[in-house]
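Please prepare a briefing on the contacts and charged pairs in the structure below, grouped by topic and with the cut-offs stated.

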Amino acid sequence: MQKPSLIINRKFYERDTLKVAQDLLGCFLVRDYRGKIWRALITEVEAYLGEKDLASHASRGRTPRTETMYGEPGYAYVYMIYGIYHCLNIVTEKKDFPAAVLIRSVRIESVDHRKTNGPGKLCNFLKIDRKLNRWDLTKGEKLWLEPRDPKIKLSKIQKSKRIGIDYAQHCREYLWRFSIKS
DNA sequence: CTCGGGATTGAG
DNA sequence: TCAATCCCGAGC
């Protein structure tokens, strides 16, 4: 497989997280695993924004785990949940400001959508685990992102409450989950 | 299973 | 007194 011609660059990620989250819809998450390449259309994401966001791991400040979120934008933040699943996040905003976009659902051509329609499921399918934590997504190796096809018109972005964050008090109400029809 | 917080322990 | 260690709750 040839080197990708279009890779989303670091400036794209170094912006307001809510903007980046919505701009990622319709983009492609590309995974090269031992020479096999999948191009996954991003259809659902959630934003996690700053220490004030009680739903974010960073709400408790800098810890060894959250260090990735405080780092440079354009890196992967991968963590394990429930001891079974991995979740893939894309680090956003400037260094030292903790924020990221969780990839919740993707669609891959000729793959049953039920295999990739959840954050844990898509990591399982794309062989994404903590070895890819802090991976630089702008290198065009192993895991990177490519822009939307400008020819394809994006359906209206749906905004809704984030999933599975009942503990986050008032932050539960934020409409920081974004999706497109897929 | 992994993390992080509070509780407990124990060295000095 | 305080840091290392234990333990428990929570996590899409």
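By class, the surface near DNA strand B has 2 nonpolar, 2 polar and 3 charged residues, where near means that a heavy atom of the residue lies within 4 Å of the strand; Ala, Val, Leu, Ile, Met, Phe, Trp, Tyr, Cys and Pro count as nonpolar, Asp, Glu, Lys and Arg as charged, and the others, Gly among them, as polar. This is a predicted model in which local features need pLDDT of at least 70 and side-chain atom pairs count only at pLDDT 80 or more, while totals for chains, interfaces and linings use all residues. Residues are numbered from 1 along each chain as its sequence is written, chains are lettered from A and ligands numbered from 1 in the order in which they are written, and side-chain values use heavy atoms, with hydrogens and water left out.

**DNA strand B**

- Polar contacts (pairs of N or O atoms within 3.5 Å) include one from a polar side-chain atom of R65 to a sugar or linking oxygen of DNA strand B at 3.0 Å, and one from a polar side-chain atom of R130 to a phosphate oxygen at 3.2 Å.
- A base oxygen of DNA strand B lies 3.2 Å from a backbone N or O atom of G83.

**DNA strand C**

- A polar backbone atom of Y82 is 3.3 Å from a base nitrogen of DNA strand C, a polar backbone atom of I163 is 2.4 Å from a sugar or linking oxygen, and a polar side-chain atom of Y167 is 2.5 Å from a phosphate oxygen.

**Salt bridges**

- The whole structure holds 17 salt bridges, each being a side-chain nitrogen of Lys or Arg within 4 Å of a carboxyl oxygen of Asp or Glu.
- E44, E46, R104 and R177 are linked in a network of salt bridges.
- D112 and R114 form a salt bridge at 2.8 Å, N to O; D112 is partly exposed at 34% relative accessible area and R114 is exposed at 59%, where buried means under 20%, exposed over 50% and partly exposed in between (1.4 Å probe, protein chains only).

Note on methods
Polar contact = N/O pair within 3.5 Å; in protein donor to acceptor, adjacent residues only side chain to side chain.
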